[in-house]
Amino acid sequence: MGSHRTARAVIAAAVVTAITAAVVLIMGFAWSSGGDRAQVSYNAVDMRAQMLDNGDLRITQTFDYRLESRGTPWRQMFQQYTLSSDRLTTISDISVTDLTTGRTYTQDTVHSPSGYGDAGWDSECAGRWYIADITQSESHPDPFDPELDALTATAVGEPAQTKDVEIGWNIPSTRSAKSMRFELAMTWHGVATAYDDVVALEWEPFSALNSTPAARVTGTFTFPKGIGESNSWAWLHTGAASETTRLDDGSLQFTVTDLPGGEYINVVVMAERQPTSAVSREQAGRMKQRILEQERQEARIASNARQREARGRLVIWLIPAVLALLLVVVALIGAKRACAQGRRHTEALEYWREPPDMSPAAAAALITDVMPGIQGSRDDRQMTSTLLSLVTKGAVAIYPGSAAGYRGLDLSRADCVSIGQLIASDPRREADAAGMCTLVIMPRVYTDRAGLQLCRSESALLDVLLRASERIGLPVFDFGQMQAALKDWRQGYAWLRGFEDACNAEYQALHATVPVGVGARMLGGAAMIASWLTAFIYTAAVGQVALALVISLPLLFAATFAAQVSPRQAFTAQGEAYADQVGGLMRYMEDFSEFGDRGVFDTVLWGRYMVYAAAFGISDKLMEQMERAYPQLADPEWANVHASNDGLVYWSARRRAMRARGGAFGMHGMHAGGSFSSMVSNSFSSVGSTIRDAMPQSSSSGSRSGSRSSGGGGSFRSGGFKGHSGGSGGGRGGAR
């Protein structure tokens with residue numbers, strides 16, 4: 001692989017990958033914090049539940065609210081629960097604390113937020129909490145007294161009475177808030193049921209009716225003293241991503257991430273019944289094995305469903321990635337082969353001292369393949385070098401200055417010395433010579449064109465000049481006149497296309513190169529498209545920015561590199577010989593002043609050198625080398641004697657002399673040279689969970705993949721599973 005081509009391919013791949021990465025991150029951020037964000041949500045919820053000896057639960061919940069701006073201010077937070085005579089009879093011992101300000105709220109009756117202005121609400125209602133019966137209506141709640149309105153406990157399975165209650169607290173009028181933290185503490189009564197062998201209960205802090213999403217929920221369930229991991233069991237039911245841990249004292253700790261609205265959290269626990277059990281609700285019968293079997297069955301069903309879903313996601317993720325990977329691998333193999341074909345198989349000649357065996361236009365095309373990074377476009381170099389070649393062959397002549405400055409002179413018969421003296425004698429002519437050149441079509445073109453021995457490209461360019469002369473009406477014209485004459489020339493493109501076709505035909509006639517790397521570039525392009533598609537699928541369809549970053553972007557980089565590094569042409573054996581000529585001549589002209597055996601100044605040879613220097617884009621470098629090698633060129637008298645028979649060499653020599661005097665004409669008048677971190681973290685976390693969930697259950701024992709340990713008295717160390725819901729409480733919360 002050529003070092004220039006490899007460097008360009010790396011840069012191109014890096015740029016494409018960087019742009020795609022930026023798009024992926026923007027899309028991912030928009031996806032994670034999209035416009036459908038809930039107006040009220042929980043940044044985090046922490047819950048602690050202590051099971052008491054009598055079967056009640058002492059619960060402390062910490063809510064971290066996020067409130068988005070809306071038309072009206074936020075004034076009230078609430079949590080709603082369902083009382084049932086067979087699992088939760090009443091809620092008492094309530095306290096509400098604003099953890100942000102440290103203020104402890106006081107109990108009051110219900111106040112409607114819509115009935116107050118901001119000032120009135122903040123002074124009369126804020127800082128108060130209430131509990132109300134919303135069984136009949138949320139908008140018109142009834143008073144609720146935890147003792148007087150408590151339900152009478154009934155056995156499990158008997159017809160149960162129910163009530164819906166709301167615990168709310170009034171906050172100061174708030175337009176929006178990124179974080180407001182409150183602690184709600186309370187006691188739930190009549191939650192547990194004592195059977196002959198175990199005490200069991202279900203605690204559902206969030207029910208399927210809860211519409212407020214939570215980024216993270218943590219909880220701890222603690223058993224009464226004397227109950228540990230060996231004689232208790234605990235299960236977490238939820239469809240969200242979760243992890244659970246049993247501590248040595250039997251406590252269950254759980255973490256749920258990205259809990260959406262409509263998803264429940266239900267904690268099922270049971271412990272061996274102690275002789276000193278004080279649970280008020282009792283029911284005959286043994287329940288341990290029935291609960292264990294029910295949980296095993298639900299866990300097995302949930303695990304199978306999760307594995308099917310995870311494997312389906314993996315298939316969706318892997319199919320486009322594998323396709324892109326295969327395309328990338330084949331493209332890289334093809335690029336390697338193309339680079340091997342494009343590599344020179346012979347040692348390049350260091351120097352070549354004669355004009356190459358090809359037209360200037362063909363040399364301008366070939367040097368682009370021999371030495372990537374040549375200055376100037378190929379088309380410009382072909383046209384300039386061909387025009388200079390016409391000058392050296394006597395088809396045209398070029399003089400500094402505009403055509404108006406030569407009015408009255410017969411430039412077809414003029415000599416360089418007399419024109420140079422004329423320019424040097426008049427400052428106005430000297431200034432005019434600095435920015436314009438006049439072209440003369442020599443009479444021989446009309447009388448003996450065949451004798452000029454022009455190649456195809458030279459003849460085609462001469463035709464263009466002749467048509468310009470016809471439109472101007474004179475055989476002498478400057479480039480300004482030519483540009484004006486050709487500005488509205490509708491057929492001009494056909495003549496110019498004829499020149500371009502002639503240049504291409506001459507280059508093709510060399511049979512110097514053959515096309516290579518077409519397949520590698522096509523496969524690389526296909527791999528780029530496949531990589532972009534995977535990035536879009538991972539980011540927009542399944543919301544996995546992590547997959548796009550670690551899979552799609554490396555594949556895209558490799559695909560772009562393969563498409564860019566493949567050479568388009570490889571040299572034939574004949575082409576390598578031609579490549580030696582143009583490459584060696586270019587190096588020779590760039591280093592000419594270092595040669596001690598350069599010999600007597602040869603005007604004709606230097607004229608052809610200047611032609612090919614224009615084809616190679618090194619006219620300035622050649623001039624510097626010529627001036628270093630022949631300092632006498634700075635002497636106008638010497639140039640008049642030794643360089644006057646070749647216009648290109650003469651005017652190049654005079655350029656230095658005029659520059660020393662403050663002038664500046666010459667051939668160069670013709671052609672001059674949520675947050676991001678959390679988004680990625682959540683994405684990686686869910687990717688890892690999916691991969692783990694896709695593993696067979698027998699292979700994931702002891703991991704956090706959803707398996708359960710049946711030993712140790714029912715110790716449970718895994719994530720939760722989507723078992724049954726409907727435990728005590730059925731919590732649902734929000735704000736208004």
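In the predicted model, Met383, Thr386, Leu387, Ser389 and Leu390 of helix H5 are in contact with Ser457, Glu458, Leu461, Leu462 and Leu465 of helix H9. Sorted by class, the residues of this contact between H5 and H9 comprise 6 nonpolar, 3 polar and 1 charged. Two packed helices are described by the angle between their axes and by the distance between those axes. For H5, which spans residues 378-392, and H9, which spans residues 456-472, the axes come within 9 Å and cross at roughly 85 degrees. Since angles of 65 to 115 degrees count as roughly perpendicular, H5 and H9 are therefore described as roughly perpendicular to each other.

Helix H5 also packs against helix H4 (residues 360-370), and here the two axes come within 8 Å and cross at roughly 150 degrees. This angle makes H4 roughly antiparallel to H5, and the crossing of the two helices is right-handed. On the side of H4, the contact is made by Pro360, Ala361, Ala364, Ala365, Ile367 and Thr368, while H5 contributes Arg378, Arg381, Gln382, Ser385, Thr386 and Ser389. The residues of the contact of H4 with H5 divide into 5 nonpolar, 5 polar and 2 charged. Thr386 and Ser389 of H5 are listed both in the contact with H9 and in the contact with H4.

The buried residues of H4 are Pro360, Ala361, Ala362, Ala363, Ala364, Ala365, Leu366, Ile367 and Val370.

An open sheet of 3 strands is also present, with the order E18-E19-E20 and antiparallel pairing. Strand E18 (396-400) and strand E20 (476-478) stand at the edges and have a single partner strand each, so that one side of each is left without a neighbour in the sheet. On average, and with direction ignored, neighbouring strands of this sheet are turned by 25 degrees against each other. The antiparallel pairing of E18 with strand E19 (residues 437-441) extends over 5 bridges, and proline 400 stands opposite cysteine 437 in E19. Helix H10 (residues 479-486) packs on the sheet, where it touches E19 and E20, and its direction makes about 90 degrees with that of E20.

Individual residues elsewhere in the model give further detail. Serine 531, found in helix H12 (residues 518-541), is buried, because its relative accessible area of 1% falls under the 20% cut-off. When residues up to four places away in sequence are not counted, serine 531 touches Ala324, Ser552, Leu555 and Leu556.

Most residues other than glycine have a negative phi. Glutamine 453, in the loop between helix H8 (444-447) and H9, has instead a positive phi, near 55 degrees, and is exposed, with a relative accessible area of 65%. A positive phi, near 50 degrees, is likewise found for histidine 511, which lies in the loop between helix H11 (492-509) and strand E21 (513-515). Histidine 511 is exposed, with a relative accessible area of 54%.

Terms used: Residues numbered from 1 in each chain as written. Predicted model: local features only at pLDDT ≥ 70, side-chain atom pairs only at ≥ 80, totals over all residues. Heavy atoms only, no water. Axes fitted to C-alpha atoms, helices over the stretch in contact; angles between N-to-C directions. Helix = DSSP H or I, 4+ residues; strand = E, 2+ residues; numbered from the N terminus. Parallel < 35°, antiparallel > 145°, perpendicular 65-115°, else oblique. Contact = heavy atoms within 4.5 Å. Nonpolar A, V, L, I, M, F, W, Y, C, P; charged D, E, K, R; others polar. Buried < 20%, exposed > 50% of the residue type's maximum accessible area, 1.4 Å probe, protein only. Left-handed = near helix turned anticlockwise from the far one by under 90°. Pairing = 2+ DSSP bridges.
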